[in-house]
Amino acid sequence: MTEKTKTENRPGGRTGDRADGQAPGHRRPAASLSRATTRVRSWAGSLPSWSLLVAGVLAGALAGGAYGLARTPQYTATNYVVAVPAEGSDPASALGFAQAYGRVATQLAVLGDAQVWAGVPAATLKESVRTATSPDAPMVAITATSTRPDLAADMANAVARALTRHASTAADATRVGLRQFARATEPAEPSSASVALTGLIGASAGGLLGALGLLVRPRRASDHPGRPAAVPGPAPAPVPAADFRGHL
């Protein structure tokens with residue numbers, strides 16, 4: 001029987017067919033994926049160690065800059081009111097009432113009146129307006145934040161006006177009133193972080209992640225050039241066949 005006849009009689013029916021039913025040029029997907037993963041790991045392992053740090057810094061800077069560009073700028077305006085004691089009352093009481101009015105400024109009783117002058121709902125004022133007081137001075141700072149600079153100033157002034165009116169209605173009992181100290185003006189520049197600042201923050205975060213990646217990455221043999229290579233020990237000498245015959 002010739003070689004050609006033997007080949008044709010193999011299971012599979014045609015010359016060149018494999019026993020598993022796959023064509024000779026076909027590669028299994030798992031094997032191809034394994035080879036590609038090995039090539040990627042080999043390429044990544046050939047890169048210098050500092051490349052991971054540089055990649056982290058660049059990726060973080062790009063992400064931070066993109067966030068700064070996509071984010072809507074915010075504007076902040078602040079109005080200051082001061083607590084003034086009535087004639088003949090204790091001046092120290094003004095400091096305590098200033099602390100109290102700072103907490104009342106964001107309550108619905110005040111915001112309900114302020115929404116009329118600000119032109120926005122009370123819920124918007126509650127989300128956008130913050131107050132701050134000083135432990136040393138009887139002053140209340142009313143700060144409003146908005147995407148529009150004019151609206152930020154209007155909200156801060158509206159809340160300050162409503163708070164002053166509430167304080168005047170209770171002045172006979174408290175002996176302390178509120179006076180306008182500094183009116184909020186329209187801000188010229190946004191108070192939110194700039195694109196350069198967000199990019200710098202992103203680069204710092206990316207550099208930190210890259211440094212952490214350098215710490216946890218597996219060590220390569222080239223990382224320790226001074227370490228000598230292991231030398232195998234001498235193989236034992238073969239025992240002559242006559243020794244085995246002597247023990248039998």
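The model is predicted, so local features are given where pLDDT is at least 70 and side-chain atom pairs count only at pLDDT 80 or more, while totals for chains, interfaces and linings use all residues. Residues are numbered from 1 along each chain as its sequence is written, and side-chain values use heavy atoms, with hydrogens and water left out.

**Overall fold**

- The protein holds 10 helices and 4 strands, where helices (H or I, at least four residues) and strands (E, at least two) are DSSP runs numbered from the N terminus.
- Read from the N terminus, the order of elements is α-α-α-β-α-α-α-β-β-α-α-β-α-α.
- Of the 248 residues in the protein, 24% are buried; buried means under 20% relative accessible area, exposed means over 50%, and partly exposed lies in between (1.4 Å probe, protein chains only).
- Among the contacts in the protein with a separation of 6 or more, 76% come from residues 24 or more positions apart, a contact being heavy atoms within 4.5 Å.
- The accessible surface of the protein is about 16,900 Å², and 61% of this surface belongs to carbon and sulfur atoms; the areas come from the Shrake-Rupley method with a 1.4 Å probe, and for residues only the protein chains shown count as cover.

**Strand pairing**

- Strand β1 (residues 75-85) pairs with strand β3 (residues 139-146) in the antiparallel sense over 8 bridges, pairing being assigned if DSSP finds at least two bridges between two strands.
- Within this pair, V81 has V140 of β3 as its bridge partner.
- β1 also pairs in the antiparallel sense with strand β4 (residues 176-182), here over 6 bridges, and V82 stands opposite R179 in β4.

- Helix α5 (residues 108-118) has V110, L111, A114 and A118 as buried residues. Seen down the helix axis, the buried residues of α5 fall within an arc of 85°, so they line one face of the helix; the arc is that of the directions from the helix axis to the C-beta atoms.
- An α-helix has 3.6 residues a turn, so residues three or four places apart point the same way.
- The face of α5 turned away from the buried side carries L108, A109 and V116, which are exposed.
- The cover over the buried residues of α5 includes α4 (92-104), α6 (122-128) and α7 (149-169).
- Just after α5, G119 takes a positive phi of about 80°, and V120 lies in the loop between α5 and α6.
- V120 is buried because its relative accessible area is 13%, and, not counting residues up to four places away in sequence, V120 touches Q115, L125, L151 and M155.
- V120 and M155 are 35 residues apart along the chain, and their C-alpha atoms are separated by 8.2 Å.

**Surface features**

- A search of the whole structure finds 1 salt bridge, defined as a side-chain nitrogen of Lys or Arg within 4 Å of a carboxyl oxygen of Asp or Glu.
- The side chains of D150 and R148 meet in a salt bridge at 3.0 Å, N to O; D150 is partly exposed, with a relative accessible area of 29%, and R148 is partly exposed at 44%.
- L208, L209, L212 and L215 make a nonpolar surface patch of about 450 Å². Patches are made of residues with over 30% relative accessible area and no salt bridge, with like charges joined within 9 Å and nonpolar side chains (Val, Leu, Ile, Met, Phe, Trp, Tyr) within 5 Å.
- L209 has its place in helix α9 (residues 195-216) and counts as exposed because its relative accessibility is 60%.
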